[in-house]
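Visitor: Could you pick one part and take me through it closely, step by step? I am new to this.

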Amino acid sequence: AASSSAAAAAAAAVRGVSTPDAAAPLEYVRECSRALQQLDGRFQFLWGIYRAHSKAEDEIVFPALESKEALHNVSHAYTLDHEQEEQLFHDLAAVIGRVKASASATEARELVLQLRRMCAAVRASLETHVRAEEAELWPLFSEHFSTQEQQHLVGVIIGRTGAEVLQTLLPWVTGSFNEEEKEAMMGSLREATKNTMFDQWLGAVQQSGAAAASNAGAGAAVDGQQTPTAAAAAASSAGVGPEQQQQ
């Protein structure tokens, strides 16, 4: 959704001045440049989050499902989805690059309109994919995995996910939750990583997030959500990170 809105902004900027007068071109170029930077930033953020998601599933979640006798081949279609979606992201990156290198407003306008269609296609694909996983795959964990097995998988995923990714992901995800949902998610994470270095790291992140939230207007924002700079600083000062959670 963020990339779609940024693509719309880029399209508006590109078509905003069809025949600029002598005073307008510089501002026109600046407007287009800002819109493209915003689009590229949101796109790279989304692609990074998607890669972390798909990698965790392909390397940890799906093999765990396939290890159960009753669940052989249950995840194959989702692995193919990941391959197709990764190609969509590569195609988007290529078109964004062509927009940046476009030699005329007419060319840029056509490419940005193409970008809008591509962003809509990626959004539709990801929404369908995630809904199917939630409806078909995740109930299998409650049916075929003990609580201890589920917590072990969560710990493995966290242990293989870099600190930078988690510092970005957690505020972005919890920003869309109400307080009850947020507490339930954090409680589950801390239960799965009890008595580990990650548990200490997560506590530092939560404390710094609460402190930052009390300072209105402090820090930058990404798509309306606070960036995790304070969390990163707190985790660093605590000397811990998620990759150390097994220590």
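Guide: Gladly! Let's start at Asn73, which sits in the loop between helix H2 (25-66) and helix H3 (76-100); helices here are DSSP runs of H or I, at least four residues, numbered from the N terminus. This is a predicted model, where local features need pLDDT of at least 70, side-chain atom pairs count only at pLDDT 80 or more, and totals for chains, interfaces and linings use all residues. Residues are numbered from 1 along each chain as its sequence is written, and side-chain values use heavy atoms, leaving out hydrogens and water.

Asn73 has a relative accessibility of 63%, so it counts as exposed (over 50%; buried is under 20%, partly exposed in between, with a 1.4 Å probe and protein chains only). Its phi is near 70°, a positive value in a residue other than glycine.

Now for helix H7, residues 179-192. Met186, Leu189 and Ala192 are buried in H7. Looking down the axis of H7, the buried residues fall within an arc of 130° (taken from the directions from the helix axis to the C-beta atoms), so they line one face of the helix. Turned away from that buried side, another face of H7 carries the exposed Glu179, Glu180 and Glu183.

H7 also has a partner: its axis and that of helix H5 (residues 147-160) come within 8 Å and cross at roughly 90° (axes are lines fitted to C-alpha atoms over the stretch in contact, with angles from 0 to 180 degrees between N-to-C directions). That makes H5 roughly perpendicular to H7 (65 to 115 degrees). Gln151, Val154 and Ile158 of H5 meet Leu189, Glu191 and Ala192 of H7, contact meaning heavy atoms within 4.5 Å.

Terms used:
Helix = DSSP H or I, 4+ residues; strand = E, 2+ residues; numbered from the N terminus. Expected span 1.5 Å × (residues − 1). Parallel < 35°, antiparallel > 145°, perpendicular 65-115°, else oblique.
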